[in-house]
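User: Hello! Could you take a close look at one part of this structure for me and then set it in its wider context?

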There are 4 protein chains.
Amino acid sequence: MDYQELIEEVYNEVMSANPRGKVADYIPELARVDGDKFGIALVDLEGNIFGAGDFEEPFSIQSISKVYTLTMVAGIFKNKLWSRVNVEPSGDPFNSIAQLEFEKGIPRNPFINAGALVITDALTSKFDDPIAEISKFINELTGKECTEINREVMDSELRHSERNTALGYFLKAYGNFENKVEEVVKTYVAHCAMEMSCVDLARSFSFLANDGYSIYAKREIVPESFARRINSLMLTCGFYDEAGEFAFRVGLPGKSGVGGGVASVMPHKFSIAVWSPELNEKGNSIKSIMALELLTDKLKFSLF
Amino acid sequence: MDYQELIEEVYNEVMSANPRGKVADYIPELARVDGDKFGIALVDLEGNIFGAGDFEEPFSIQSISKVYTLTMVAGIFKNKLWSRVNVEPSGDPFNSIAQLEFEKGIPRNPFINAGALVITDALTSKFDDPIAEISKFINELTGKECTEINREVMDSELRHSERNTALGYFLKAYGNFENKVEEVVKTYVAHCAMEMSCVDLARSFSFLANDGYSIYAKREIVPESFARRINSLMLTCGFYDEAGEFAFRVGLPGKSGVGGGVASVMPHKFSIAVWSPELNEKGNSIKSIMALELLTDKLKFSLF
Amino acid sequence: MDYQELIEEVYNEVMSANPRGKVADYIPELARVDGDKFGIALVDLEGNIFGAGDFEEPFSIQSISKVYTLTMVAGIFKNKLWSRVNVEPSGDPFNSIAQLEFEKGIPRNPFINAGALVITDALTSKFDDPIAEISKFINELTGKECTEINREVMDSELRHSERNTALGYFLKAYGNFENKVEEVVKTYVAHCAMEMSCVDLARSFSFLANDGYSIYAKREIVPESFARRINSLMLTCGFYDEAGEFAFRVGLPGKSGVGGGVASVMPHKFSIAVWSPELNEKGNSIKSIMALELLTDKLKFSLF
Amino acid sequence: MDYQELIEEVYNEVMSANPRGKVADYIPELARVDGDKFGIALVDLEGNIFGAGDFEEPFSIQSISKVYTLTMVAGIFKNKLWSRVNVEPSGDPFNSIAQLEFEKGIPRNPFINAGALVITDALTSKFDDPIAEISKFINELTGKECTEINREVMDSELRHSERNTALGYFLKAYGNFENKVEEVVKTYVAHCAMEMSCVDLARSFSFLANDGYSIYAKREIVPESFARRINSLMLTCGFYDEAGEFAFRVGLPGKSGVGGGVASVMPHKFSIAVWSPELNEKGNSIKSIMALELLTDKLKFSLF
């Protein structure tokens, strides 16, 4: 399989179809991004890199960062984690507070905001400087210094973080939050405001295609069973209210962010990241999803 | 009508029936109160005072304080207030956050916690030292220095205020909150932690029986129409999830608090406050409600 | 007090203000009604009748009929009724099924559809021909033959009764429904499709202003305490999602219907019915509510 | 790979661990089933059959039947289907009516009851005798006469079908239901009351492991893309509120029923059915899930 040829084909087909969506505009810093950007990077298990378009340009990874924090926590807390956050898909919006009330403070899964906040809270209990540790961890996974926090995005998100702060206090009311809410929200916002390129995202996700072993860190990041857990969570919960649709159309575990990025893996084959800022109405990158769908079609790959 | 004889009769009948409930125990400071306490004070429109039992002993007024803050805000903001808080009964628990989500950040009424927080937020926008102003206002209504904040109750409530803080941030996320959430919650907790006796409560509520004019303050506190608005809100929303039951059994506008107090008015006749710390399962004082029911029975008064 | 002069004044003021709304159009038979109709009838405790405008013209009473069925059931089942239906205001729409699920099949009150269906179900258990009994009962309350079912309205409502049928089956799933759902819904739709004039509505509601005694039936319809219960339920729950607003603006217990009618009582004084088909956005007659507000203003009456 | 050896190993390990749950008892006919029953049948793509335990004994397939009706409808309505039913996981119970209200009558997916009723409704629109067609279809998939409706189970379910009937009427209220509700519910209950053995279930699911082509029917049942759609739906929604857990522990698309059966496929390898009546608290067969988990462990298979 010539992966370079493959992703170029995919790149060209998407560019020629040119489906359009809408750049996230809930904060001005994201709204300013050029909607025409589009990049693909694929990394195989030996670390060979294949890229097309704007695959080396950093962008705001947003919710993709939740995969890193979940992985860190998993390594630390093992199975105790699942008493604080569930592993089932949510039928409600990613930032719903009503569901949290019905479920007595246990978030449905680690990728809705409430669940991700619980994860970041657990990291805050463990580390003196959690954001430094998260950066270090991502850099280790990527095999190089790659993360940079966009301060403007972070500050702007902080100024719009009331809903996440409410979720934090609500979790605290149910006894499912250990640290100062504002501190945890700040860390959460900081890791969402990190910028990475497609190629670095793909490198860093490589261990999830590789049963938990990272060729960059040269160590087992998580046991094989936990890598499977993360992948199954990405498949069932990784795309907001479009997980079922993505599972069908693409059939790969993946995680999207409102910055327009999607990081995904084909287990035992490769990791891949795609970026294009224009989103569909469910909040997922319209070009990125089309690219991944074309890719699995061309690979004749099917999970199912 | 000999009001003194009347309330003594009521007092004796309640004491002899002696219905028992459960003292609020969500914070230790409230749990410590003597469950046997029971007092009644009635104040007529000329200011004559009638009392029975522990009617001069101060207790934690809790949610009864929401009537004072609503009144203050009403005087300041007039009808603009109703764009920020609705006037309809809520079918959900007083501290529900789910309903607030369904209703896009507009609380159902000023007596559920979310609504009371909006009110306290409005006061915070207006005054440099809102808690001092609230005290001053209550003292004016009562015609003497009567309010004291129980610091232990306040501190303990503050340590358990996550849910109210969550409500505050959630309101802020919907643009219905102007000040720092923690500051407003602190003021809110402070006015709930005020202690007053039955007789002072009854004096302070007198203006609501008197078309808005206070004989103690010697001025119109609110226009007559606003006094009616507050009374109708107390009737339809003043007793958590037991407003309909109270409207039927007692038929007077009133407001209860988890400290076991109930302040109520018979418009154009008198104001009355009853206190007994043991609560029924809906959170209302079991002896206080029985006393008010007996009283309206004996008065052959019926709203309906 | 010259009631005739009073209601003519009210009538003229409303006609000159001429507030406009929207005739109910969920079935064509109601949509066809002339939106300009407007009538007021007041009946005092001696049976003197005062009328203005279209007060003798029959119209579709719709949800006002729920007061009659509740009264009948009350006479039969006494306090056992309250295990099947609650007495508290609902914060949800009148035909919400979600709330019924949260509350495990016990409707919040007898005036939301689920509660009214439980009431009609109880009547169906009691009577072989419930709709004949309901007619007979209303006629007895009115002191003459006055009810007629509009067959076209009934048939049309039946063809749109899926939601009520769903509520019935849902109640049955919770064990709170005894008879065949379709049969009960048919009876329910039939009593809602009755037509009565303002004057006959006012006569029939007279017992609720008179502590339960009907001067037309010449008997106690319900004990005084039950008349109070019905009045308090009308005050807290009688106007869909506008009960708090009506309690404030009018301050009388009353029940509205989507046909544009409102039947109301001033306890110990009179009963009154107003009709005008154009509704506000909450589903209550815009002219009828204005008329009742003007009336209590002019009477200087205030519940509060 | 010696499949016979494999499933015998699995069978023995489960029998020796012997995890216990609770037989479904919402109707007496299901409660009477022997909780000790346990069978496994695996069918490879050539039609070779491997079995252990009670793999030839018929049991009540219940919700597994929803896969057959979805498949039939898919063949008929193609992509028009997805305007009537969504494809996303539900965070609510399988028979929730509240979610249906929030989503305006569009069920979240075809495997919750509301969604399955829409599917059965579509079949009722198409066929004069839908239940005969469903039987015929299953027999064709299985390559032999295998379905029998247990009349006692069906009649008992019919007597307890109020909630499903309510869902049907509720769907009708939203315009998402074409036929008589009672008729559709009867067909729905009938197909749930079918009895099949593990081996016949495994044969009938074979086309889903085979890109839509059935070796028994000797034809393409659905296009390859639709087989993928069904498999992805089973993975994300096939196990009530335990889909995420099953995706992780087993990692195969599958569908469970309250009769204790689970039918599942490993795409391009085999189909498999397991049966044991005792359920865990989420309503899934405790031995069946353990068996499938052991099987994928031993196969070193991992979707992820």
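Here is a walk from one surface patch out to the chain around it.

Analyst: Happy to! Please keep in mind that this is a predicted model. Let's begin with the patch: A:Phe102, B:Phe102, C:Phe102 and D:Phe102 together make a nonpolar surface patch of about 410 Å². One of these residues, D:Phe102, sits in helix α4 of chain D, which covers residues 98-102.

Chain A is superposed on chain D by a rotation of 180° with 0.0 Å of shift along the axis, and the RMSD is 0.0 Å. The two copies are therefore related as by a two-fold rotation axis. In chain A, the residue that comes closest to this axis is A:Gly91, with its C-alpha at 2.2 Å. Both copies use the same surface, as 100% of the contact residues of chain A recur in chain D.

Now for chain A as a whole. Chain A holds 14 helices and 12 strands. Its radius of gyration is 18 Å, close to the 19 Å that the globule rule gives for 304 residues, so chain A is as compact as a globular protein of that length. Along the principal axes, the C-alpha atoms of chain A fill a box of roughly 55 × 40 × 35 Å. Of its 304 residues, 67% count as buried. The accessible surface of chain A is about 10400 Å², and carbon and sulfur atoms account for 48% of that surface.

Definitions and conventions. Residues are numbered from 1 along each chain as its sequence is written. Chains are lettered from A and ligands numbered from 1 in the order in which they are written. This is a predicted model: local features need pLDDT of at least 70, side-chain atom pairs count only at pLDDT 80 or more; totals for chains, interfaces and linings use all residues. Side-chain values use heavy atoms; hydrogens and water are left out. Patches are made of residues with over 30% relative accessible area and no salt bridge: like charges are joined within 9 Å, nonpolar side chains (Val, Leu, Ile, Met, Phe, Trp, Tyr) within 5 Å. Accessible areas come from the Shrake-Rupley method with a 1.4 Å probe; for residues, only the protein chains shown count as cover. A salt bridge is a side-chain nitrogen of Lys or Arg within 4 Å of a carboxyl oxygen of Asp or Glu. Helices (H or I, at least four residues) and strands (E, at least two) are DSSP runs, numbered from the N terminus. Copies are superposed by least squares on the C-alpha atoms of residues with pLDDT of at least 70 in both. Contact means heavy atoms within 4.5 Å. The radius of gyration is taken over C-alpha atoms; the globule rule is 2.2 Å times the number of residues to the power 0.38. Buried means under 20% relative accessible area, exposed over 50%, partly exposed in between (1.4 Å probe, protein chains only).
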